[in-house]
Amino acid sequence: MKTVKISLNSIDKVNSFVNDITKFDYDFDLVSGRYVIDAKSIMGIFSLDLSKPIDLNIHADDNVEEIMEMLKPYLCD
């Protein structure tokens, strides 16, 4: 599992993020405080506080480089 910090501070970003990660057949979880939600759930994402960076847990053993390349627009510096 790999964890990265991402920012989803607009509706367009949330939509494109969900469209991008649904292309992968792995589990992705977003963690904000004590809440853990499925990152492929648009409704779940909107239940989080999107004003702050969120931890994304990537449950993948291979293709991690490809996933990280796709995540570049969402990663926090």
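1. S7 counts as buried because its relative accessibility is 16%, and buried means under 20%. This residue sits in the loop that runs between strand 1 (2-6) and helix 1 (11-21). The model is a predicted one, so the position is to be read as computed, given that local features need pLDDT of at least 70.

2. Once its neighbours within four places in sequence are set aside, S7 has contacts with K13, Y74 and C76.

3. L8 is also placed in the loop between strand 1 and helix 1. Its relative accessible area is 0%, so L8 is buried.

4. Which residues does L8 touch, not counting those up to four places away in sequence? They are K13, V14, F17, L30, I45, L50 and Y74.

5. In sequence, 44 residues separate L8 and K52, while their C-alpha atoms are 8.4 Å apart in space.

6. On the surface, a nonpolar patch is formed by I11, I42 and F46. Together these residues have about 260 Å² of accessible area.

7. F46, one of the patch residues, belongs to helix 2 (residues 42-46). Is F46 buried, partly exposed or exposed? With 38% relative accessibility, F46 counts as partly exposed, because that class lies between under 20% for buried and over 50% for exposed.

Methods
Residues are numbered from 1 along each chain as its sequence is written. This is a predicted model: local features need pLDDT of at least 70, side-chain atom pairs count only at pLDDT 80 or more; totals for chains, interfaces and linings use all residues. Side-chain values use heavy atoms; hydrogens and water are left out. Helices (H or I, at least four residues) and strands (E, at least two) are DSSP runs, numbered from the N terminus. Buried means under 20% relative accessible area, exposed over 50%, partly exposed in between (1.4 Å probe, protein chains only). Contact means heavy atoms within 4.5 Å. Patches are made of residues with over 30% relative accessible area and no salt bridge: like charges are joined within 9 Å, nonpolar side chains (Val, Leu, Ile, Met, Phe, Trp, Tyr) within 5 Å. Accessible areas come from the Shrake-Rupley method with a 1.4 Å probe; for residues, only the protein chains shown count as cover. A salt bridge is a side-chain nitrogen of Lys or Arg within 4 Å of a carboxyl oxygen of Asp or Glu.
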